[in-house]
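Please have a look at the sequence and the model before I start talking.

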Amino acid sequence: MLQFCSTGLGTDMKTIALAVFAAASLVALPSAAMAASCYDLWYARNAIYDANGFCFSTDLGMETFDNDDCWTTHPKLSKKEQKLVAQIQAQEKLKRCHVN
C-alpha cells in the first residue's frame, strides 16, 4: 500500500496520487494488472472519476470516496484518463470482476 508522510498533502492530492500510481502500475506492468484484485481495479478506475468531480451514488462508492466535493455525474476525462479507464475496464472484464 502506498503511504504518505506528513508532507501537507491534502486528501484530494492523496487520492489523485494513489489513482495515478495505481493506474500507471496497471499500464506499465501488464503482469501487475493481471495480478491486481478486482477491488484494486475498481478503486483505481473510480479514483480517476473521483479526481474529476464524479458524484457516486452506490453505497460502496459513497463510503469509499467523499462526495462532499463532487459536482457531476458525467465527468470530463482527459484522453489519457479515458485510455487508463478503458484499460482498467478491460482487465475487470477479463477477470470477470463485479465489485459494485
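A few ground rules come before the details. This is a predicted model, where local features need pLDDT of at least 70, side-chain atom pairs count only at pLDDT 80 or more, and totals for chains, interfaces and linings use all residues. Residues are numbered from 1 along each chain as its sequence is written, and side-chain values use heavy atoms, with hydrogens and water left out.

How confident is the predictor? The score is pLDDT, the predictor's confidence in each residue, from 0 to 100. The mean pLDDT of this chain is 82, and 65% of its residues reach 70 or more. Over residues 1-9, however, pLDDT stays under 50. For that stretch the model has seven contacts beyond four places in sequence, where a contact means heavy atoms within 4.5 Å. Where pLDDT is low, the predicted coordinates should not be read in detail.

Now the overall picture. The chain has five helices and zero strands, so you can read its elements from the N terminus as α-α-α-α-α. Those labels come from DSSP runs numbered from the N terminus: helices are H or I with at least four residues, and strands are E with at least two. Of the 100 residues, 34% count as buried. Buried means under 20% relative accessible area, exposed means over 50%, and partly exposed is in between, using a 1.4 Å probe and protein chains only. The accessible surface of the chain is about 6700 Å², and 57% of that belongs to carbon and sulfur atoms. Those areas come from the Shrake-Rupley method with a 1.4 Å probe, and for residues only the protein chains shown count as cover. Looking at contacts with a separation of 6 or more, 55% come from residues 24 or more positions apart.

Let's zoom in on helix 3, residues 38-51. With 14 residues, helix 3 reaches 20 Å from its first C-alpha to its last, close to the 20 Å expected at 1.5 Å a residue. The expected span is 1.5 Å times one less than the number of residues. Is helix 3 mostly covered or mostly uncovered? It is mostly covered, with 10 of its 14 residues buried. Among them are Trp42, Arg45, Asn46 and Asp50.

Asn46 counts as buried because its relative accessibility is 7%. A polar atom of its side chain lies 2.9 Å from the backbone oxygen of Trp42. Leaving aside neighbours within four places in sequence, Asn46 is in contact with Phe56 and Phe65. Just after helix 3, Gly53 takes a positive phi of about 85°.

On to the disulfides. A disulfide here is a pair of cysteine sulfur atoms within 2.5 Å, and by this rule there are two. Which cysteine is joined to Cys38? The partner is Cys97, with an S to S distance of 2.0 Å. Cys38 lies in helix 3 and Cys97 in the segment after helix 5 (79-94), so the pair ties together parts that are 59 residues apart in sequence. The link of Cys38 and Cys97 is left-handed, with -75° about the S-S bond. Cys38 is partly exposed at 22% relative accessibility, while Cys97 is buried at 13%.

The other disulfide joins Cys55 to Cys70, S to S 2.2 Å. This pair links distant parts of the chain, 15 residues apart: Cys55 is in the loop between helix 3 and helix 4 (59-64), and Cys70 is in the loop between helix 4 and helix 5. The link of Cys55 and Cys70 is right-handed, with 100° about the S-S bond. Cys55 counts as buried at 18% relative accessibility, and Cys70 as partly exposed at 22%. If you number the bonded cysteines in sequence order, the pairing is 1-4, 2-3.

Arg96 lies in the segment after helix 5 and is exposed at 71% relative accessibility. Its phi is near 55°, a positive value in a residue other than glycine. His74, in the loop between helix 4 and helix 5, is exposed with a relative accessible area of 65%. The side chain of His74 makes a polar contact with the side chain of Thr73 at 3.0 Å. A polar contact is a pair of N or O atoms within 3.5 Å; within protein, one must be able to donate a hydrogen and the other to accept it, and residues adjacent in sequence count only if both atoms are side-chain atoms.
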